[in-house]
Amino acid sequence: MTDVTIDFDGEELASPWYPVDGVARPAVLIFPTVMGVSDLEREFAKALNALGYGAMIGDLFGTSTRGAPRDRMFAELGRLKGDRAALRRRVEALFAAMVAQPGVDASRVAVIGYCFGGLCALDLARAGARLAATASFHGLFDPPGLPPHPIGGKVVAYHGWDDPMVTPDAVVALAKELTETGADWQIHGYGHVAHGFTNPHAAEIGIAGVAYNSLAAKRSWASLELLLAEAFA
């Protein structure tokens with residue numbers, strides 16, 4: 001593992017990069033939860049490595065926030081989410097940094113994201129990035145309010161139906177948006193499942209409606225493996 005470091009508008013972003021070998025391989029960009037780069041995303045990257053894919057954890061918040069307390073990270077989320085045009089440029093810069101790594105097959109690249117990272121994954125697809133697949137896990141769905149682009153590749157949103165941060169109306173709105181942009185899309189709704197269902201430590205955040213669900217975590221990961229195998233074939 002090495003860090004891919006870039007300067008974005010004066011902020012140092014250091015994204016852990018997990019290559020497979022020197023041969024051109026598919027690669028997956030991972031956008032983390034509101035807490036930024038953590039052991040959770042590192043385990044996902046290692047699992048993707050085991051499938052034969054390179055993986056980079058996109059450092060959305062910068063090295064100055066690494067390990068910061070929850071209140072600081074929620075303030076950072078508000079800052080980034082408050083300017084969706086700048087957020088789009090940020091995720092595009094991280095995507096470009098991963099595609100530029102040796103051993104990445106630029107024709108077979110995907111993005112996945114968790115919580116706020118799910119919104120970032122969708123925003124990268126909304127920007128018209130050349131993606132084979134996009135997957136959002138308990139992500140936020142609100143659109144960026146920017147000019148739309150055709151969405152290429154396959155898009156899947158894995159959503160806990162009891163997620164208090166994403167209402168059923170927001171789910172329908174995402175389906176309408178993806179249909180209008182011509183995407184090949186799916187939305188998987190998991191009944192009786194809350195926000196943060198892939199994170200074994202989700203309940204520790206102390207917010208109602210945020211909880212781990214091992215079955216939904218396993219089902220969504222199994223679906224992701226199928227999605228990537230299909231998209232990268």
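Arg79 is partly exposed, with 39% relative accessible area (buried is under 20%, exposed over 50%, partly exposed in between; 1.4 Å probe, protein chains only). Let's work from there through some charged pairs.

This is a predicted model, where local features need pLDDT of at least 70, side-chain atom pairs count only at pLDDT 80 or more, and totals for chains, interfaces and linings use all residues. Residues are numbered from 1 along each chain as its sequence is written, and side-chain values use heavy atoms, leaving out hydrogens and water.

**Exercise 1.** Find which residue forms a salt bridge with Arg79.

*Solution.*
- Recall the term: a side-chain nitrogen of Lys or Arg lies within 4 Å of a carboxyl oxygen of Asp or Glu.
- The partner is Glu76, with the closest N and O atoms 2.8 Å apart.
- Arg79 and Glu76 are three residues apart in helix 2 (residues 70-81), so about one helical turn separates them (helices are DSSP runs of H or I, at least four residues; strands are runs of E, at least two; both numbered from the N terminus).
- Glu76 is buried, at 11%.

**Exercise 2.** Decide whether Asp39 is buried or exposed, then describe its salt bridge with Arg42.

*Solution.*
- Asp39 has 56% relative accessibility, so Asp39 counts as exposed.
- Arg42, at 24%, is partly exposed.
- Their side chains meet at 3.1 Å, N to O.
- Both sit in helix 1 (residues 39-50), three residues apart.

**Exercise 3.** Locate the elements that hold Lys154 and Glu230.

*Solution.*
- The two side chains meet in a salt bridge (3.1 Å, N to O).
- Lys154 is in strand 7 (residues 154-160) and Glu230 in helix 6 (residues 214-231), so placed that the pair links distant parts of the chain, 76 residues apart.
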